[in-house]
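Please take a moment to turn the model around before reading on.

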Amino acid sequence: MGDWIGFIHARRLASAPWGGQICEMTIVLGPGVREAMLAAAAGAGRHEACGLLLGHGTCVETAVATANVAQDPARHFEIDPAALIGAHRLARSGAGPQVLGYFHSHPNGIAAPSATDAASAAHDGRVWAIVAGDAITCWHDGSDGFEPLSYRVCQG
Ligand SMILES: [Zn+2]
């Protein structure tokens, strides 16, 4: 039994896209990142706010709000593709930070991925942050689906 659990744990670590230790991984939200996400969520009102988490390694340096171009922005989010493509292009060229993940808000106050979120996840190892009221939760979009991710806030 112990061996089996050890095997699952090892397999999970081995499959971590960042070669990192998912289970023990903690991401860092840099100065102002938490506030930027809360402000975007508050500004979007009954619509879902959304945006990009940019930074390096496991440190999110900025949260950049983008337009939510979903057809029903009160229930879904879709990051403005122009902003998304632009950020990926900058990251690839080395001129910009890495696209570490995405954030969006849940006006219904539930700080966990919805069924829609699970269905639209790319399983690409990126970080998803979900804002609900004053709460922010972070998730690792791994090959087995969302796993909770601990984070700490760096005040700079
Ligand atoms: Zn959602």
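This is a predicted model: local features need pLDDT of at least 70, side-chain atom pairs count only at pLDDT 80 or more; totals for chains, interfaces and linings use all residues.

Two strands are said to pair if DSSP finds at least two bridges between them.

The overall plan comes next. The protein chain has four helices and seven strands, and from the N terminus on its elements run α-β-α-β-β-α-β-α-β-β-β. Among contacts between residues at least 6 apart in sequence, 60% join residues at least 24 apart. Buried residues make up 29% of the 156 residues in the protein chain.

How are the strands arranged? Seven strands close into a barrel in the order 1-3-2-4-5-6-7, and the pairing is mixed. Neighbouring strands of this sheet are turned by 40 degrees against each other on average, when direction is ignored.

Strand 2 and strand 3 pair in the antiparallel sense over seven bridges, and the bridge partner of cysteine 50 is threonine 66 in strand 3. Strand 5 and strand 6 also run antiparallel, over six bridges, with valine 131 standing opposite isoleucine 136 in strand 6. These two strands form a hairpin with two residues between them, and glycine 133 in the turn has a positive phi of about 65 degrees. Strand 6, which covers residues 135-142, then pairs with strand 7 in the antiparallel sense over five bridges, and here aspartate 141 has phenylalanine 146 in strand 7 as its bridge partner. A hairpin of two residues joins strand 6 to strand 7. Strand 1 (residues 26-29) and strand 7 (residues 145-153), by contrast, pair in the parallel sense over four bridges, and the bridge partner of isoleucine 27 in strand 7 is tyrosine 151.

Which strands does helix 2 touch as it packs on the sheet? Helix 2 touches strand 1, strand 2, strand 3, strand 4, strand 5, strand 6 and strand 7, and its direction makes about 15 degrees with that of strand 3. Helix 3 packs on the sheet as well, touching strand 2, strand 3 and strand 4, and its direction makes about 155 degrees with that of strand 4.

At 1.5 Å a residue, its twelve residues (33-44) should span 16 Å, and its end C-alpha atoms are 17 Å apart, which agrees. In helix 2, the residues Val33, Arg34, Ala36, Met37, Ala40, Ala41 and Ala44 are buried.

The interior can now be considered. In soluble globular proteins, nonpolar side chains tend to be buried together. The largest nonpolar core here has 32 residues, of which Met37, Leu53, Phe103, Ala129 and Val131 touch the most other members. Among the elements that each supply at least two residues of this core are strand 1, helix 2, strand 5 and strand 6, and helix 2 gives the most to this core, with six residues. Leaving aside its neighbours within four places in sequence, alanine 129 is in contact with Met37, Leu53, Gly101, Phe103, Ile136 and Cys138. Because six of the eight residues of strand 6 are buried, strand 6 is largely enclosed by the rest of the structure.

Most residues other than glycine have a negative phi. Histidine 123, although it is not a glycine, has a positive phi of about 55 degrees. The place of histidine 123 is in the loop between helix 4 and strand 5. Is histidine 123 buried or partly exposed? Histidine 123 has 13 C-beta neighbours inside 10 Å and therefore counts as partly exposed.

Terms used: Residues are numbered from 1 along each chain as its sequence is written. The expected span of a helix is 1.5 Å times one less than its number of residues. A residue is buried if 20 or more other C-beta atoms lie within 10 Å of its own, exposed if 12 or fewer, and partly exposed in between; C-beta atoms are placed from the backbone. Two residues are in contact if their C-beta atoms, placed from the backbone, lie within 7 Å. A nonpolar core is a set of buried Ala, Val, Leu, Ile, Met, Phe, Trp, Tyr and Cys residues joined through C-beta atoms within 7 Å. Axes are lines fitted to C-alpha atoms, for helices over the stretch in contact, and angles run from 0 to 180 degrees between N-to-C directions.
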